[in-house]
Amino acid sequence: MLRIINDNAENVVHVERGKDMDVLTYAELHESQLEEEWEAISWTQIEEHIFDLQTQIFKAVREGDYRKVRNLESLLMKSSSAILYAIKRVTQFNRGARTAGIDNMIITTKAQRRALYYKILGTNINDFDVCK
């Protein structure tokens, strides 16, 4: 298995602490460490990993193996690579990167991006209520 992100006990601590804190506050408290972690990410490996999964999904669709498609799509959606890449795309390259979303936050620094990653990892999407 490809190990792009260093998933160690320290990352688990970040996820647990980040659950109960605002992303911007958490990024301020741990700024230097979070920036170092963001800079250490191998983006070429992440892009290759995502592309490989997308290629496997394409081949499974072409073969008509829809169970495999569903499993691969689930794997892609839950992968750390996809989460990190999505954060990078939305907060750096999108046209609306400097516009606040429904949460009224603008993520501008590397530390904030990494804190957002830990916040997303600690969020159970099934418990998420959009209508709050």
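Leaving aside its neighbours within four places in sequence, which residues is L53 in contact with? Hold on to that one.

First, what you are looking at. This is a predicted model. The chain has 132 residues, and 33% of them count as buried. Its secondary structure is quick to describe: seven helices and zero strands. Read from the N terminus, the elements go α-α-α-α-α-α-α.

Now the surface. The chain exposes about 9200 Å². Carbon and sulfur atoms supply 52% of that area.

And the contacts. Residues 24 or more positions apart account for 69% of them.

Back to L53, then. L53 sits in helix α4. Set aside the neighbours within four places in sequence, and L53 is in contact with L72, L75 and L76. Look at L76 in particular. L53 and L76 are 23 residues apart along the chain, yet 6.6 Å separates their C-alpha atoms. Is L53 buried or exposed? Its relative accessible area is 5%, and buried means under 20%, so L53 is buried.

F58 has a relative accessible area of 52%. The cut-off for exposed is over 50%, so F58 counts as exposed. From F58 to V69 is eleven residues in sequence. In space, C-alpha to C-alpha, those two are 8.1 Å apart.

Next, how α4 meets another helix. Helix α4 covers residues 43-63, and helix α6 covers residues 80-93. They pack at an angle of about 115°. Their axes are 9 Å apart. The crossing of α4 and α6 is left-handed. Which residues meet there? On the α4 side, find W43, I46, E47, H49 and I50. On the α6 side, find S81, A82, L84, Y85 and K88. Sorted by class, this contact has six nonpolar, two polar and two charged residues.

Let's move to the salt bridges. How many are there? The count comes to two.

Here is one of them. E37 forms a salt bridge with R114. The closest N and O atoms are 3.0 Å apart. E37 lies in helix α3, residues 31-39, and R114 lies in helix α7, residues 110-121. That pair links distant parts of the chain, 77 residues apart. Both ends are hidden: E37 is buried, and so is R114.

Now the bridge between K110 and E39. Again, the closest N and O atoms are 3.0 Å apart. K110 belongs to helix α7 and E39 to helix α3, so this pair ties together parts 71 residues apart in sequence. What about exposure? K110 has 34% relative accessibility. That value falls between the 20% and 50% cut-offs, so K110 counts as partly exposed.

One more residue in α3. E36 is found in that helix. At 57% relative accessibility, E36 counts as exposed.

Last stop, R113. This residue lies in helix α7. R113 has a relative accessible area of 7%, under the 20% cut-off, so R113 is buried. What does R113 touch, not counting residues up to four places away in sequence? The list is W38, I87, T91, Q92, I107 and T108. Pick out I87 on your screen. R113 and I87 are 26 residues apart in sequence. Their C-alpha atoms are 6.8 Å apart in space.

To recap. We have a predicted model with seven helices and zero strands. Helices α4 and α6 pack at about 115°. Two salt bridges turn up. E37 pairs with R114, and K110 pairs with E39. And L53, where we began, is buried and in contact with L72, L75 and L76.

How values were computed: Residues are numbered from 1 along each chain as its sequence is written. This is a predicted model: local features need pLDDT of at least 70, side-chain atom pairs count only at pLDDT 80 or more; totals for chains, interfaces and linings use all residues. Side-chain values use heavy atoms; hydrogens and water are left out. Helices (H or I, at least four residues) and strands (E, at least two) are DSSP runs, numbered from the N terminus. Buried means under 20% relative accessible area, exposed over 50%, partly exposed in between (1.4 Å probe, protein chains only). Contact means heavy atoms within 4.5 Å. Accessible areas come from the Shrake-Rupley method with a 1.4 Å probe; for residues, only the protein chains shown count as cover. Axes are lines fitted to C-alpha atoms, for helices over the stretch in contact, and angles run from 0 to 180 degrees between N-to-C directions. A crossing is left-handed if the near helix is turned anticlockwise from the far one by less than a right angle, and right-handed if clockwise. Ala, Val, Leu, Ile, Met, Phe, Trp, Tyr, Cys and Pro count as nonpolar, Asp, Glu, Lys and Arg as charged, and the others, Gly among them, as polar. A salt bridge is a side-chain nitrogen of Lys or Arg within 4 Å of a carboxyl oxygen of Asp or Glu.
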